[in-house]
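Subject: Structure for you to look at

Dear colleague,

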Amino acid sequence: MSVVILGIESSCDDTSAAIIKDGVLCSNVIASQAVHEAYGGVVPELASRAHQQNIVPVVSEAIKRAGTTKADISAIAFTRGPGLMGSLLVGNSFAKGLSLSLGVPLLDVNHLQAHVLAHFIKKSPEQDTAPQFPFICLLVSGGNSQIIKVDSYDKMQVIGQTIDDAAGEAFDKCAKVMGLGYPGGPVIDRLAKEGDATLFSLSRPHIGGYDYSFSGLKTSFLYLLRDELAVDPDFVNKNKAHLAASLQAAIVDILMNKLRKAVKDSGINRVAVAGGVSANSAVRQAFLDHSARYGWKVYIPEFSFTTDNAAMVAITGYFKYQNGEYCDINAPSFSRVENQLV
Ligand code: KG4
């Protein structure tokens, strides 16, 4: 009999549901929440309310598009954390209710583990693009910047992480002060293509180990704007592309510096990237350049599996289902994780 896993993701501002059948993706539906654009960032209370409105139609659509029915579902995987508590609770409660009514097991998924395992999503049974273990994964999103040593599906250790802002936050916050809207990452990426990255110099952090810091870069960007705007009120408008290019180059430089160090020290040359910021064209190019220069075997996910999606939750659930790692009906959501991911 086929194993059909329904995955549900609701950790931040995307409501998503996906069906994976015998390890192959059949549907992946994502409802993004436009309501936050007006505020320049995710408003937690509005996110929870939007999840409540979206979750039933999104799950129904995922089941329909997969050509399955509720009766075919073997187990339900949901994002248990980390993320926004109110948002997580919507997915958690919905998954529990559906699991009780269908009489199928529940699988709790760590959102960060799911981002890493997005590399194992298959669109056909023949697809063979997943990295071999062990590998190093750079996880960069709106809320996380981590270097993870991945020993197996269920053994992952965070060896470096941001001590303040995440890489995506650095993109989004700097874009916000430039008046580029939210989320700013994709806009910076687009603008940077026309700009000169060497025009403005921005500060780089000096912290030890494999940890990241982006708050100094953000501050130096703000000071640059403040000083230049005092002289020319139209500075940002005139220099949008150059500012975007300089900012993007600095973020990628910071990310790759620590990643190079981690890869070198670990002696593992299989290197993956995951999370929303892995959609960034300069990050992708940097991975390809490092592959050519240092002989890294790199793994870059398809665009649709970089930002928050339920396909990655369903594939993680699929592995847990095979190991019989079911979740207790009383499992609470959690907003944060420690160093040992799983
Ligand atoms: O993984 P994700 O969807 O979820 C959160 O952690 O919220 O990541 C979203 C982040 C945002 O900060 C967004 O600006 C960033 O990913 N992002 C990008 C690009 N596409 C998305 N940053 C830079 N360049 C992009 N092309």
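**Charges over rings**

The charged end of R284 sits over the ring of F303, at 4.2 Å from its centre, and R226 likewise lies over the face of Y223, 4.6 Å from the ring centre. A charge is taken to sit over a ring if NZ of Lys or CZ of Arg is within 6 Å of the ring centre and within 35 degrees of the ring normal. Please bear in mind that this is a predicted model, in which local features need pLDDT of at least 70 and side-chain atom pairs count only at pLDDT 80 or more, while totals for chains, interfaces and linings use all residues. Residues are numbered from 1 along each chain as its sequence is written, and side-chain values use heavy atoms, with hydrogens and water left out.

**Aromatic pairs**

The structure holds 13 aromatic pairs, where rings of Phe, Tyr and Trp (its six-membered ring) pair if their centres lie within 6.5 Å, and planes under 30 degrees apart count as stacked, over 60 as edge-to-face and the rest as tilted. One of them joins F120 and Y153, whose ring centres are 5.3 Å apart with the planes at 70°, so this pair is edge-to-face. Because F120 lies in the loop between α3 and β6 (135-140) and Y153 in the loop between β7 (145-152) and β8 (155-161), the pair ties together parts that are 33 residues apart in sequence. Helices (H or I, at least four residues) and strands (E, at least two) are DSSP runs, numbered from the N terminus.

F120 is buried, at a relative accessible area of 9%, whereas Y153 is partly exposed, at 32%; buried means under 20%, exposed over 50% and partly exposed in between (1.4 Å probe, protein chains only). The rings of F133 and F135 have centres 5.9 Å apart and planes at 25°, so they are stacked. Here F133 is partly exposed, with 27% relative accessible area, and F135 is buried, with 0%. F120, F133, F135, Y153, Y318 and F319 form one aromatic cluster.

**The cavity**

A cavity is a set of points on a 1 Å grid over the protein atoms alone where a 1.4 Å probe fits but cannot get out, and lining residues have an atom within 4 Å of a point. The count comes to 1 cavity of 30 Å³ or more, and about 40 Å³ of space lies in the largest cavity, a volume being the space filled by probe spheres set on the points, which are joined across faces, edges and corners. Its lining includes Y153 and F319, and α9 (311-322) and α3 (111-117) each supply at least two of the lining residues.

With best wishes

How values were computed: 1 Å grid on protein atoms, 1.4 Å probe; cavity = no way out; pocket = protein on both sides within 12 Å on 5 of 7 lines; lining within 4 Å.
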